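Below are some notes for a colleague who is opening this structure for the first time. Please read them with the sequence and the model side by side.

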Amino acid sequence: MPTIHLYQQDSYLKEADAKVIAVDGNNVILDKTIIHPSSGGVAHDTGLIIAGGEQYRIVDAIHKRDTDDVIHVLDRNPQFKHGDDVKVVLDWDRRYRLMKLHTASHIMAGIAYSKYNALVTGGDIQPDYARDDYSLTVGGEELRRIFNEIVTEANEVIKRGVEVKVYWMPREEALKVPGIVKLAEREPPPGDKWRIVEIPGVDIQADGGPHVANTREIGEIIIQKIENRGRNKKRVYFTVKP
């Protein structure tokens with residue numbers, strides 16, 4: 001059985017008990033985890049695995065796509081083994097920042113898609129900032145005006161306190177939803193059931209990562225920098241405060 005991704009059911013879990021499935025050097029696979037691996041442009045979580053009175057820092061988390069397992073990369077080789085019980089503790093402050101930026105990115109993508117038919121062509125979400133590339137062809141002051149307009153509207157959505165809904169949908173049904181995959185160069189995700197993240201009236205996407213439960217939690221989106229990366233690739237760097 002693949003790793004159970006507990007964060008997909010509840011993004012606010014900070015601790016969880018788990019059983020060790022495999023140990024290879026400092027790489028560990030558990031039967032379930034609250035640790036989100038690097039995926040979908042969102043940086044990995046960090047945290048601790050606690051076992052036998054010892055604490056091991058999780059310095060990286062990798063999604064093994066062929067098996068859907070999460071590889072927890074520890075700061076040293078552990079003393080525990082297959083079948084042992086462990087506790088996983090999440091670095092919550094880092095995760096919560098990633099959640100805020102991730103949901104903010106979805107709001108902006110939904111507005112860009114509905115108003116300008118723009119798709120996301122790439123992205124990177126770190127705890128301190130996010131970067132998204134859009135399939136926009138304009139440049140100069142017009143580009144700045146468009147991004148300012150997107151962020152202004154996104155901040156209005158944030159202030160309204162819209163509930164962020166997470167649910168599963170059969171693949172065939174999901175594929176009928178316009179814009180369900182807003183990454184221009186990404187293939188539709190595998191599997192017969194897709195995890196859907198919906199911000200009603202704003203955005204709906206197939207997505208496997210953690211999000212806030214209400215847009216008000218995000219705070220405020222602040223543009224840091226806008227770049228013209230080519231004819232059909234415009235980049236915006238942004239953060240959230242507080």
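1. The lining of the second largest pocket comprises seven nonpolar, four polar and two charged residues. The model is a predicted one, and the volume of this pocket comes to about 160 Å³. Of the 13 lining residues, those that lie nearest the centre are Gln-9, Asp-10, Ser-11, Val-166 and His-211.

2. How many cavities of 30 Å³ or more does the structure hold? There is one, and the volume of the largest cavity is about 30 Å³. Its lining is made up of His-36, Val-42, Asp-45, Arg-95, Leu-98, Met-99, His-102 and Pro-210. By class, the lining of the largest cavity holds four nonpolar, two polar and two charged residues.

3. Four strands make up an open sheet, and they are ordered E9-E10-E15-E14 with antiparallel pairing. Why is one side of E9 and of E14 left without a neighbour in the sheet? Strand E9 (120-125) and strand E14 (220-228) are at the edges and have a single partner strand each, so one side of each has no neighbour there. On average, neighbouring strands of this sheet are turned by 20 degrees against each other, with direction ignored.

4. At one end of that order, E9 is joined to strand E10 (residues 130-134) by five bridges, and the two run antiparallel. Within this pairing, Gly-122 is found opposite Asp-133 in E10. Helix H1 (residues 92-116) packs on the sheet and touches E9, E10, E14 and strand E15 (234-241). The direction of H1 makes about 135 degrees with that of E15. Helix H2 (residues 140-160) also packs on the sheet, where it touches E10, E14 and E15. Between the directions of H2 and E14 the angle is about 160 degrees.

5. The pairing of E14 with E15 is antiparallel and extends over eight bridges. Ile-226 has Val-236 of E15 opposite it. Together E14 and E15 form a hairpin, with five residues between the two strands. In the turn, Gly-230 has a positive phi of about 145 degrees.

6. Which parts of the chain does the pair link? Tyr-12 belongs to the loop between strand E1 (4-5) and strand E2 (15-24), whereas Trp-92 is in helix H1. The two residues are 80 residues apart, and the pair links distant parts of the chain.

7. Two backbone details are worth a look in the viewer. The peptide bond that leads from Lys-241 to Pro-242 is cis, and its omega is near 5 degrees. Pro-242 is located in the segment after E15. The other detail concerns Asp-68, a residue other than glycine with a positive phi, near 65 degrees. Asp-68 is part of the loop between strand E6 (54-64) and strand E7 (69-74).

Technical notes: Residues numbered from 1 in each chain as written. Predicted model: local features only at pLDDT ≥ 70, side-chain atom pairs only at ≥ 80, totals over all residues. Heavy atoms only, no water. 1 Å grid on protein atoms, 1.4 Å probe; cavity = no way out; pocket = protein on both sides within 12 Å on 5 of 7 lines; lining within 4 Å. Points joined across faces, edges and corners; volume = space filled by probe spheres on them. Nonpolar A, V, L, I, M, F, W, Y, C, P; charged D, E, K, R; others polar. Pairing = 2+ DSSP bridges. Axes fitted to C-alpha atoms, helices over the stretch in contact; angles between N-to-C directions. Contact = heavy atoms within 4.5 Å.
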